[in-house]
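Thanks for making the time. I will go through one structure this morning, starting with the whole chain and then moving to a few local sites.

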Amino acid sequence: MTDGHDLLLRRAEVDGRGLVDVRVVAGVIAEIGTRLAGRGEDVLDARGGALLPGLCDHHLHLHALAAAERSVRCGPPSVVGPDALAEALAHAPADEHGWVRGVGYSEDVAGPLDATALDRLHATRPVRIQHRSGALWMVNTAGARALGLGGAGHPGVERDAGARPTGRLWRADDWLRARLPGTRPPDLRHVGSRLARLGITHLTDATPDLDASALDAIGEAMRTGALPQRVHLLGAPLGWAAPSGQRSATVGPYKIVLADSALPGLDVLSDRIRAAHAAGRAVAVHCVTREALVLLLVAGVRAGDRIEHAALVPGELIARLRALGLVVVTQPGFIADRGDDYLRDVPAVDRSDLYRARSLVDGGVPCALASDAPYGPVDPWTVIDAAVRRCTPAGQVAGAAEGLTARQALDAYLGAPDDPGGTPRTVAPGAPADLVLLHVSRADALARPSADLVAATVIAGAVCG
Ligand SMILES: [Zn+2]
């Protein structure tokens, strides 16, 4: 980095030990010592707080997160029951094209939604609501008409026995985006500053099949500083290379989605994995069910490939994951967000397989943490707390045996973007000055993880949160 900043951090706790000063030159940690002489650079007094490597969210969705911030929440805790949903939709502002956009829907609120059911809640304006899984959009009749759903050829457009569209669209985001007016990706400035306030300096965007406009928008947000974080992309097409320059994204493993509802044939999956490997990319495979995992393990995955979510891992497969050299990127934040639903819906016999973490780590499988925001809580401290306590919203514990120590959970946010679950980055001379400063010691933060403890976030020596 030559566009980095100079900075002198005073009185910081580094690696849990006594207080030191940390000098940053041109965005890189140059020197750590006691009472370093100032050279006229900006000074940040840490007041004894812990200075950690900045956190890396290893799996989130930038544009969906930005869009969710401008959408009406359609699920708990904000909305419980059909009346509350109708009320929320009635008060939701429409976008400039007259659409109401909802996110986070759960069937707990008003059962399965199709166009007819949605009309009963809101019929006057076109409405589209995303299921909290991210896999399904539901539109009302006005929305179906605006989209021309009757003549749609996309296989994800659900139809009833009479071949009429039901208003439910499965994994059809690209099609939907192309049909909607004004398709510029949403601005990322607010997301960038929100992530910085949480202590996040690195992120991996896990959106599959990023198109040119999304890639351009992310690149532009990085260049202008709207998005200060370092960005790793799983959804860049095979053969895509980031434009060279100081601030551009890096290309990670190639994202493949195994849809929970319709698994591909083994040949089709093996071909996709082989093509990614041939192009020099590992793969990062969305894999939620046991069936998907079993399929994936015989489809030609190899060391360095990633499993995203790994929501259900039978214990007898852990040794196989290790033998294959696979990495798991998982989201215990889902337990904090909807763990009671899991306890209700997941058969008792499978519960010990749910969002494993400790048994993976103990079994030698690298395990990184992530938010999957906006589908899971974005706050890494909430996720760390959930990884440790595995507490549901109602205060139940889901899989106590899978709890990580707080230190393990923090470390699972400190791997480099290209080494999730690997050796935690450190605050040491020669390392990029991508740092998070806390108000308290590391030990205190680990005892009570909270975003309120973040005092400042530093990226390439610049204080940005
Ligand atoms: Zn995701």
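What follows is a short tour of a predicted model.

Start with the overall picture. The protein chain holds 16 helices and 23 strands. Its radius of gyration is 23 Å, close to the 23 Å that the globule rule gives for 465 residues, so the chain is as compact as a globular protein of that length. Along the principal axes, the C-alpha atoms fill a box of roughly 75 × 50 × 45 Å. Of the 465 residues, 55% are buried. If you take the contacts between residues at least 6 apart in sequence, 67% of them join residues at least 24 apart.

Now to one of the sheets. Four strands form an open sheet in the order S6-S13-S14-S15, and the pairing is parallel. Which strands stand at the edges? They are S6 and S15, the latter spanning residues 250–251; each has a single partner strand, so one side of each is left without a neighbour in the sheet. As a reminder, strands of a sheet pair through backbone hydrogen bonds, either parallel or antiparallel.

Take the S6 end of the sheet. S6 and S13 run parallel and are joined by four bridges, with Cys56 opposite His202 in S13. S6 is mostly covered: six of its six residues are buried. At the other end, S14, residues 230–233, pairs with S15 in the parallel sense over two bridges. There, Leu233 stands opposite Val251 in S15.

S6 also comes up in the packing of helix H7. That helix covers residues 189–197, and its buried residues are Val191, Gly192, Leu195 and Ala196. They span an arc of only 135° around the axis, which puts them on the same side of H7. What do they pack against? The partners are strand S6 (55–60), helix H1 (62–69), strand S13 (200–205) and strand S22 (454–459). After H7 comes Gly199, with a positive phi near 95°.

Next, the metal site. Which protein atoms are donors of the zinc ion? They are NE2 of His59, NE2 of His61 and OD of Asp372, lying 2.1 Å from the zinc ion. Along the chain, the donors follow the spacing H-x1-H-x310-D. Both histidines, His59 and His61, are buried.

On to the cysteines. A search of the whole structure finds zero disulfides. Cys287 counts as buried, because its relative accessibility is 1%, under the 20% limit. Cys464 is in no disulfide either; the nearest cysteine sulfur, that of Cys56, is 15 Å away. Cys464 is partly exposed, with a relative accessible area of 27%.

Buried or exposed? Gln130 is buried, with a relative accessible area of 4%. Leaving out residues up to four places away in sequence, Gln130 touches Gly102, Val103, Gly104, Tyr105, Leu136, Trp137, Met138, Asp173 and Tyr375.

Notes: Residues numbered from 1 in each chain as written. Predicted model: local features only at pLDDT ≥ 70, side-chain atom pairs only at ≥ 80, totals over all residues. Heavy atoms only, no water. Buried < 20%, exposed > 50% of the residue type's maximum accessible area, 1.4 Å probe, protein only. Contact = heavy atoms within 4.5 Å. Arc of directions from axis to C-beta. Disulfide = S-S within 2.5 Å. Pairing = 2+ DSSP bridges. Donors = N, O, S within 2.8 Å, 3.2 Å for Na, K, Ca; no water. Rg over C-alpha atoms; globule rule 2.2 N^0.38 Å.
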